[in-house]
Amino acid sequence: PPLPRLAAAPAARVWRLRRRASCALRAARVPCAGTAVLAHDGSLLRGAEGLSRVALQLLERHMAPGDFILDFGSGSGILSIGAALLGASRAVGLEQDADSVEVSQRNALANRVAERALFFEADAGQFAILFAPANLVVSNILRSVNIALLPEIWRALHPGGIAIFSGMEATEAPEFRAPLVAAGFEIVEEIIDAGWWAVAARRT
């Protein structure tokens, strides 16, 4: 069943992804992003990898306070935690790598959003439906995996809900747009940062 909606917390002024925690992701073959800062003053992220930065920029623009967020392949938890700090009622991250889940849980505790940013060791393609429907889905994964997950992401969203896809280089955009539209999404916005591309699309 859907998780209960909680009152949105005030947006945090500063978010720091602990260097120690993010570097622990090396064991999971995820690049260490060092220290990241999210400032709620119109700017977004400084010091993070471009692929996370583009997703966070779209998240801030398309998420409404009180939204319920599903994070496919949540990794270090950067997007779920960012959503919680920006006012999501709850964000659920699904990640198959146990070490990454442990890191994301520590990051949520460090950022004081552990009650609203929850992480589970699970295959998002199989288990996201248990938490659906979401107002917004984020998927910061390889293009081939994003394409394979399009039906599950569509099913996990409320009608009219937004999905944010990242983890892809700008050169991959043409190869993702057609499958995205064919899966029942309408492209709303695209951005590029440091060669990384992200797209926000609405479930039709």
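Hi everyone, thanks for coming. Before anything else, please keep in mind that this is a predicted model.

Let me start with the overall picture. The protein chain has seven helices and ten strands. It runs to 204 residues, of which 51% count as buried. If we take the contacts with a separation of 6 or more, 64% of them are between residues 24 or more positions apart.

Now to the interior. In soluble globular proteins, nonpolar side chains tend to be buried together. Here the largest nonpolar core has 28 residues, and Leu70, Phe72, Ile153 and Phe165 are the ones with the most contacts inside it. Which elements give two or more residues to this core? They are the strands β4 (68-72), β5 (90-95), β7 (134-140), β8 (157-169) and β10 (196-203), together with the helices α6 (143-156) and α7 (173-182). There is also a second, separate core of 20 residues, with Met63, Leu136, Ile162 and Ile191 among them.

Let's look at Ile153 and one of its partners. Setting aside residues up to four places away in sequence, Ile153 touches Phe72, Val137, Ser139, Ala163, Phe165 and Phe185. Ser139 sits in strand β7, and its relative accessible area of 1% makes it buried. Beyond its neighbours within four places in sequence, Ser139 is in contact with Phe72, Asn146, Ile153, Ile164, Phe165 and Ser166. In space, the C-alpha of Ser139 is 9.2 Å from that of Leu79, although 60 residues separate them in sequence.

Moving on to β4 and β5, these two strands pair in the parallel sense over five bridges. Leu70, which we met in the core, stands opposite Val92 in β5. In a regular strand the side chains alternate between the two faces of the sheet. In β5, Arg90, Val92 and Leu94 point one way, while Ala91, Gly93 and Glu95 point the other way. Is β5 covered or open? It is mostly covered, with six of its six residues buried.

The next pair is β9 and β10. β9 (residues 185-193) and β10 run antiparallel, joined by eight bridges, and they form a hairpin with two residues between them. Ala201 lies in β10, and its bridge partner is Ile187. At 0% relative accessibility, Ala201 counts as buried. What does Ala201 touch, apart from residues up to four places away in sequence? The list is Gly161, Ile162, Ala163, Leu180, Phe185, Glu186, Ile187 and Val188. Ala201 also has its C-alpha 6.5 Å from that of Ile164, a residue 37 positions away in sequence.

Ala194 is in the loop between β9 and β10. Most residues other than glycine have a negative phi, and most peptide bonds are trans. Ala194 is not a glycine, yet its phi is positive, at about 55°. This alanine is exposed, with a relative accessible area of 62%.

α4 (residues 98-110) has 13 residues and reaches 19 Å from its first C-alpha to its last, close to the 18 Å expected. Its buried residues are Ser100, Val101, Val103, Ser104, Asn107 and Ala108. At the N-terminal end, Asp97 caps α4, with a side-chain oxygen 3.2 Å from the backbone nitrogen of Asp99.

Just after α4 comes Arg112, with a positive phi of about 60°. Arg112 belongs to the loop between α4 and β6 (117-121), and it is exposed, at 79% relative accessible area.

For another helix, take α2 (residues 50-62). Its end C-alpha atoms are 19 Å apart, which agrees with the 18 Å that its 13 residues should span. The buried residues in α2 include Val54, Ala55, Leu56, Leu58 and Leu59, along with Gly50, Ser52, Arg53 and Gln57.

One last detail concerns the backbone. Where is the cis peptide bond I want to show you? It joins Ala132 and Pro133, with omega at about 5°. Pro133 is in the loop between α5 (124-127) and β7.

That's my tour, and I'm happy to take questions.

Conventions: Residues numbered from 1 in each chain as written. Predicted model: local features only at pLDDT ≥ 70, side-chain atom pairs only at ≥ 80, totals over all residues. Heavy atoms only, no water. Core = buried A, V, L, I, M, F, W, Y, C linked by side-chain atoms within 4.5 Å. Buried < 20%, exposed > 50% of the residue type's maximum accessible area, 1.4 Å probe, protein only. Helix = DSSP H or I, 4+ residues; strand = E, 2+ residues; numbered from the N terminus. Contact = heavy atoms within 4.5 Å. Expected span 1.5 Å × (residues − 1). Polar contact = N/O pair within 3.5 Å; in protein donor to acceptor, adjacent residues only side chain to side chain. Pairing = 2+ DSSP bridges.
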